[in-house]
Amino acid sequence: MKSIRIGTRNSALALWQAREVARHLQNLNYLTEIVPIVSSGDKNLNQPLYSLGITGIFTRDLDTALLNDEIDIAVHSLKDVPTKLPENIEIVAYLERDHPQDVLIKRKSAMDKEFHELKLATSSLRRRAFWSKNYPETEFFDIRGNIQTRLQKLEEQDFDATILSLAGIKRMKMDIDYEFLPFMIPAPSQGVVAVAGHSDKKEINDILKQISHKQTQICVEIERNFLSTLEGGCTAPIGAFAEKIENQIRFKAALCSLDGKNYIATDESFEYNEEENFGEKFANIVLENGGKELMTEIKSQL
């Protein structure tokens, strides 16, 4: 087989992820070539994501390249990938999840401030809503860009702190102070690198399956099924995290109103079996316990 062309966004973090996939493939003695592609989401750093029609904003250009046979596979942060994929594109491999948590980074001058005193920069509806549930008086600011850009803005602009994915900080080997946020349920599939392939490329897809981590796949499919059942194409403040502990899976998830005042959560432990769609099951419980009305309210506000 000729070299496998790996499509990726052009940011430092995305290139790290692509190199990680390449390393796994090279360990199986396959040749690889990394093909960077600038995404629409990276070109527009002024508008918050939720105003850009967030679905697929970071994956659209890679999807196009995949369908046009400019690349053989596309590497994504799975949390950026819509639950409904374009025709002929499928997620074929999942690398082992590393750091799913969100963490708080304060600017140097705000290190002594308590959480409720902070002016917080985040464009994530989920992070804003979950934070507001605990600290309702917080003033928020929009912030976009890669990790390095956000940290630079943090020191230069008029806010005290921002929230980042721990996975990005660890992958970039950044030496910065951060604080864990136990109340912040991660975005579904946060901390997971996924590889998308073209449905017709059976040979490459069979190769990709050899590098996929089954336990991670089981957990993120539960999270993504929960998300897709709840939102039906709407962007909403939803956190979901499944973790396999011996023979059990623990699943924590929540739907939150934009202002943080209405919060519907679920925390379940169960034995996994392939036949049952657990994500859909728990999403329907949330919908029946006020989630349907809450989703209607959220859609009307976006």
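The side chain of Arg5 reaches the backbone oxygen of Asp69 at 2.9 Å, a polar contact (a pair of N or O atoms within 3.5 Å; within protein, one must be able to donate a hydrogen and the other to accept it, and residues adjacent in sequence count only if both atoms are side-chain atoms). This is a predicted model: local features need pLDDT of at least 70, side-chain atom pairs count only at pLDDT 80 or more, and totals for chains, interfaces and linings use all residues. Residues are numbered from 1 along each chain as its sequence is written, and side-chain values use heavy atoms, without hydrogens or water.

Arg5 sits in strand E1 (residues 4-8). Helices (H or I, at least four residues) and strands (E, at least two) are DSSP runs, numbered from the N terminus. Arg5 counts as buried because its relative accessibility is 18%; buried means under 20% relative accessible area, exposed over 50%, partly exposed in between (1.4 Å probe, protein chains only). Leaving aside neighbours within four places in sequence, Arg5 has contacts (heavy atoms within 4.5 Å) that include Glu33, Val35, Asp69 and Lys201.

Asp69 follows helix H3 and has a positive phi, near 60 degrees. Within H3 (residues 60-67), Asp61, Leu62, Asp63, Ala65 and Leu66 are buried.

Now turn to the sheet. Three strands form an open sheet in the order E11-E12-E13, with antiparallel pairing; strands pair if DSSP finds at least two bridges between them. E11 (238-245) and E13 (263-271) stand at the edges with a single partner strand each, so one side of each lacks a neighbour in the sheet. Neighbouring strands are turned by 10 degrees against each other on average, direction ignored. E11 and E12 (residues 248-256) pair over eight bridges. Ile238 has Leu255 in E12 as its bridge partner.

Two helices lie across these strands. H4 (residues 125-134) lies across E11, E12 and E13, at about 90 degrees to E11. H9 (residues 278-301) lies across E12 and E13, at about 175 degrees to E13. Axes are lines fitted to C-alpha atoms, for helices over the stretch in contact, and angles run from 0 to 180 degrees between N-to-C directions.

The largest nonpolar core has 24 residues; Leu230, Ile238 and Leu255 are among those with the most contacts inside it. Such a core is a set of buried Ala, Val, Leu, Ile, Met, Phe, Trp, Tyr and Cys residues joined through side-chain atoms within 4.5 Å. H8 (214-231), E11, E12, E13 and H9 each supply at least two residues. H9 gives the largest share, eight residues. Leu230 touches Ile238, Leu255, Ala283, Val286, Leu287 and Met295, not counting residues up to four places away in sequence. Another core, of 17 residues, lies apart and includes Ala18 and Val195.
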